[in-house]
Amino acid sequence: MSSSDTLLEILKIIATCSIIFVWFVRYKNIKIEFQKYGFPTWFRDFVGILKISSIAMLHYSNTSIVYTGIITILFLMLGAVLTHIIFKDSFRETIASVGMLLASIIMLI
């Protein structure tokens, strides 16, 4: 296994753990955050389904499915970062989505 393969696997695990933590353990915070931004509950649920489906895709053996998961996470994180910027959230509130966006970019490369 090359070092780039190892990095990809590490980033997949980090992305998976992060999304599971945020969307399962800290789901109450997600509900509050989406309310704060004025997003409807169906949109929050849709984003959650996309994120959870995407992290599952990261662990398939088919590279097309893996890339689909990475690209989906990348676009979701881009949307999250832009939302944090538009609402002028603090750096602390924004850093997680920036980190996941960067991880997605690295995984895509």
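I'll start with the surface. Tyr67, Ile71, Phe75, Leu78, Leu82, Ile85, Ile86, Phe87 and Leu108 make a nonpolar surface patch of about 850 Å². Before I go on, please keep in mind that this is a predicted model. Helix 4 gives the most to the nonpolar patch, 7 residues. Is Phe75 buried or exposed? Its relative accessibility is 55%, so Phe75 counts as exposed, the cut-off being over 50%.

Next, the pockets. The largest pocket holds about 870 Å³ of space. Its lining has 28 residues, and those nearest the centre are Val22, Ile30, Glu33, His84 and Glu93. Which helices supply this lining? At least two residues each come from helix 1 (3-25), helix 2 (27-36), helix 3 (41-57), helix 4 (63-86) and helix 5 (91-108). Sorted by class, the lining of the largest pocket has 16 nonpolar residues, 6 polar and 6 charged.

The second largest pocket holds about 250 Å³. It is lined by 17 residues, and Ser4, Asp5, Leu8, Tyr67 and Met107 are the closest to its centre. Tyr67 is also one of the residues in the nonpolar patch I began with. Helix 1, helix 4 and helix 5 each supply at least two residues of this second lining, and the largest share, 7 residues, comes from helix 1. By class, the lining of the second largest pocket divides into 11 nonpolar, 3 polar and 3 charged residues.

Last, the salt bridges. How many does the structure hold? There are 4. In one of them Asp89 pairs with Lys36, and the closest N and O atoms are 2.9 Å apart. Asp89 sits in the loop between helix 4 and helix 5 while Lys36 is in helix 2, and the two are 53 residues apart, so to speak distant parts of the chain are linked. Asp89 is buried, with a relative accessible area of 13%, whereas Lys36, at 43%, counts as partly exposed.

Lys36 also meets Glu93 in a salt bridge, 3.4 Å from N to O. Glu93 lies in helix 5 and Lys36 in helix 2, so this pair ties together parts that are 57 residues apart in sequence. Glu93 is partly exposed, with a relative accessible area of 39%.

Another salt bridge joins the side chains of Arg44 and Asp45, at 3.2 Å from N to O. Arg44 counts as buried at 10% relative accessibility, and Asp45 as partly exposed at 34%. As for Lys36, Asp89 and Glu93, salt bridges with shared partners join them into one network.

Key:
Residues are numbered from 1 along each chain as its sequence is written. This is a predicted model: local features need pLDDT of at least 70, side-chain atom pairs count only at pLDDT 80 or more; totals for chains, interfaces and linings use all residues. Side-chain values use heavy atoms; hydrogens and water are left out. On a 1 Å grid over the protein atoms alone, a cavity is a set of points where a 1.4 Å probe fits but cannot get out, and a pocket is an open set with protein on both sides within 12 Å along at least five of seven lines; lining residues have an atom within 4 Å of a point. Grid points are joined across faces, edges and corners, and a volume is the space filled by probe spheres set on the points. Helices (H or I, at least four residues) and strands (E, at least two) are DSSP runs, numbered from the N terminus. Ala, Val, Leu, Ile, Met, Phe, Trp, Tyr, Cys and Pro count as nonpolar, Asp, Glu, Lys and Arg as charged, and the others, Gly among them, as polar. Patches are made of residues with over 30% relative accessible area and no salt bridge: like charges are joined within 9 Å, nonpolar side chains (Val, Leu, Ile, Met, Phe, Trp, Tyr) within 5 Å. Accessible areas come from the Shrake-Rupley method with a 1.4 Å probe; for residues, only the protein chains shown count as cover. Buried means under 20% relative accessible area, exposed over 50%, partly exposed in between (1.4 Å probe, protein chains only).
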